[in-house]
Amino acid sequence: GGKAGRKEPSAAVLEALKGNKELSGFDRCLLSQIATATSWRTRLGYIRSLFTDEEAAKASEFDPRNVDNLASVVVFLAFIKSGQVPCSEDGSHYRPNHHANEAKQLEVALEVVEKEGGRAAFLVRKIYPLLPSYRSEFTQSVPLTRIRDIAHSNNIPHDLKQDIKHNLQNKLHRSAGPEDLITCKRIIDQVTAPGAQYDGGFVHQMQIFYKELKDFFNATGLDDLLIEIKNKHEPVKEVWVPVDKFLETKHGYKPCFDQMAALIDLRLFLNKNMHAIDGEALQRVRLADVELDKYSFVLLADLSKNIESGNADWPFLSKSLALASRDVALSKIVEDESECIANEFESLSALPAPFTSEPRLRFKANLDRAMRFAADFSEEVSAIFYDKVGPLGRALNVDNHSIEVFAEAEIRSNIVFQFSRAATWALKKTRADLNMPPWDPLLPGKASGVLVAVDSLGDVPEDALRSGCIVALLHAEGDEEVPTGVRGVVLAHDLPHLSHLGVRARQVKVPFVCADERATFDALVGKAAALKGKMCTLDVAENGAVGITAAEAGAAEGATKEADISAQVTLPKADISACKLLDLVDTTKLNSGAKAAAAGELDRIAAKSGGLFKTPTGAAIPFGLFAKAETAAYTSAIDGFDSLNGKEQEAKAEEIRALVAKFPLDGAIAEEISKKFSGQGELMVRSSANCEDLENMSGAGLYDSIANVPASSSALISKAVLKVWESLWTKRASLSRSQAKVPHKDAYMAVLVQKMLTADVSFIMFTQNPVNGNKGEVFIELAFGMGEVLASAVARGSPFRVGFEKSSQKPRIIAFPNYSVKLVPKKDGVAADGDVDAGLETKVVDYSKERLVSDGEFRETLLKRLGQAGEFIEQEMGCPQDIEGVVVGGELYIVQSRPMVL
């Protein structure tokens, strides 16, 4: 082909760029390029260059793994294919084989991005059907020759011949574009219209060519694609079996469940064997899978209607959701998460009917996870396309109706929408069958105050705190303090009962309730909308009933201000005489804090337990070494801290943390630790302050622990110790001491160093149930992986919840876990800068493969052992205990125990 001179940019596109602040850097580059690149070929070439040419990508501010950038490509190509953004000839002459070759190069690059997974993979799958085909008949030097023969036939009228020759044949061979498919369809409609009298041979050849053209533009229907891959034995010869089974159920109008099952079998077969092919065969099979994905939306809609009818029994419900979730996973929609959800539904669907209480609780947990996944995905896709389609569409001169239809279709026509429909009804049915309230009360009670709605506890207005308030809270991490002045909390999501926030709410007697799902929270807050900014009363009943009503006269004066009147905590005077590394047997509360001292006590108790549990080896850096490292600048900085206001304290705390980070730590201590734990792998470096783990001040979750610190590296041990020392002055820690009226000058930090146990399961255990006050029941929360997910709620979701009845020695399942991720140690150890939690990473958890979930006998045995260990420790310690531990390879380890704060 030959090239013509450069054309001037489209005036409309350039005008759209002027002063447009809605567009991203890449969007502006995209628009600038297509203003001059007006043909489909040049636009395909530009998109291809973004994925194959690093310099071109850099010049256009494009990142092939950036979701926002990929969404722009999807929107742009989709509007081109639909004709909303027209292409035009640019004076050059390039046959369609050039377009096909651009697509071939682009797909190779796209496949690399897709294999990396994540949100990018989902968007890449949307690009594939927007590209032309690169079948061998289209990559040859002179493709689509049939139209030339048609245009030169003598059995059609002159006007029609000229129309075909100039508007289709010549146009295709100069500058093919999606508009040619529209032209061809127009001609087909003309020659096949009722009453039309055209030569039958000519009409037949036009119909064949129309199919060829649809093949070139990848507009072939599902059935034709499946028949073709079956006849071509793609991806492997045996493909005929699942293809015939699916087509038989589809055209035999079998029930939607049977069609969906056959569709999933076919998609699984294609995805399993896709690695065996490449080139045009891979493109065909990939497009067949994309078309199956689209057709599944129709089937899922019918399946959802069947479920919503109320006639679905438990086996049908579980099997339907197993199919729906597998379909979502096969569509690369957050593949790792959807895969695990699908695995769990499939595991549940294999259980024998009828479902008893425990399987239904397990089913409910996976439904909660599925609903959270669907809501998150829909919200993200909505944000991507609603935020993207409008500005880009307007700049491309697309009409508003088409923009709105495109954005809405991306949400409503996505299979996740139908999956969510089915899961929503299943969750309602499950909750009703289990007689579960829509609320989870962490602390029942009644309180009055001004109603405020905020995103986080840090957003509560100062004037509301001064007058006392009831907080409608959208989000909590779990490691926050309850601000002074907050009298009650309604949270929009679940929260571990034994997280720091949950413990603090009970300690200061603030009624606290969590919504089981966001819609429940929205309904309550919406009903109370007229009360925002006014005095109201929050009533949280033990049975889960929750109400917000206008406060009665005098409620403001009579409301209890527990946080305001909390008694001052008196710290025992720290013993700073010990300035060397201590064995746990030599630790006391006075020289190393309650946590380190309890660790030594746990060693003694474990020896008496008859093998009921073990403890990790450990040592302590006492208060004396912290005091020895204190500088004059540090001492000066903490003087007068309490006289500062909230914002000033926050800034001052940061300043003090920076001073602690520069404390001179004796390098010999780190070397001694390294030697003591030689050959033991990695370490946990934990806080053991003199203002935590006390009977009237828990401090749980306030101070930092560093995981996965290599025992072989004295340098990293030193950094980890300094990080723990610094955590004495986090915002949360300093606020907690201020609220408890603890003199900051009396606060010291010791460090408990223990061999790190790579937990299969972590747990927190209260030897008296803090939720219902039952002294005869141990309350346990468990999560897979490392325990930070429990103490600080770093992952969304809720844990395994268990009650262990001391009298009967029997555990009862309250809830199965629905966290999406677990925390596991990084293979490479802690980061070089010693950041908190840098030694841990998240991994998506598959509950179908976790024995504690799937094996009832194993679960009963382990939970009974946990409860017995808690009861034994309580007896030995002489008071109710707050215990943390892990399970490793079937062995039970207790890592710390503190008095329960009731």
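Is Gly610 buried or exposed? The model is predicted, and in it Gly610 is exposed, because its relative accessible area is 73%, and the cut-off for exposed is over 50%. Gly610 sits in the loop that runs between helix α26 (589-608) and strand β9 (618-621).

The protein as a whole gives the setting. It has 902 residues, and 58% of them count as buried. Its secondary structure comes to 35 helices and 20 strands. Taken along the principal axes, the C-alpha atoms fill a box of roughly 110 × 65 × 65 Å. The accessible surface comes to about 36300 Å², and carbon and sulfur atoms account for 51% of that. Among contacts between residues at least 6 apart in sequence, 70% join residues at least 24 apart.

Arg360 counts as buried because its relative accessibility is 16%, and the cut-off for buried is under 20%. Leaving aside neighbours within four places in sequence, Arg360 is in contact with Trp314, Phe355, Thr430, Asp433 and Leu434. Thr430 is 70 residues away from Arg360 along the chain, yet the C-alpha atoms of the two are separated by 6.9 Å.

Helix α20 covers residues 400-412, which is 13 residues. At 1.5 Å a residue these should span 18 Å, and the end C-alpha atoms are 18 Å apart, so the two values agree. At the N-terminal end, Asp399 caps α20, with a side-chain oxygen 3.2 Å from the backbone nitrogen of His401. The buried residues of α20 are Ser402, Ile403, Phe406, Ala407, Glu410 and Ile411.

Confidence in the prediction remains to be described. The average pLDDT of the protein is 89, and 93% of the residues score at least 70. Two stretches can be set against that. Over residues 1-9, pLDDT stays under 50, and the model has 20 contacts beyond four places in sequence for them. Over residues 557-567, pLDDT also stays under 50, with 16 contacts of that kind in the model. Where pLDDT is low, the predicted coordinates should not be read in detail.

Conventions: Residues numbered from 1 in each chain as written. Predicted model: local features only at pLDDT ≥ 70, side-chain atom pairs only at ≥ 80, totals over all residues. Heavy atoms only, no water. Buried < 20%, exposed > 50% of the residue type's maximum accessible area, 1.4 Å probe, protein only. Contact = heavy atoms within 4.5 Å. pLDDT = per-residue confidence, 0-100. Helix = DSSP H or I, 4+ residues; strand = E, 2+ residues; numbered from the N terminus. Expected span 1.5 Å × (residues − 1). Polar contact = N/O pair within 3.5 Å; in protein donor to acceptor, adjacent residues only side chain to side chain. Areas by Shrake-Rupley, 256 points an atom, 1.4 Å probe, with all protein chains shown as cover.
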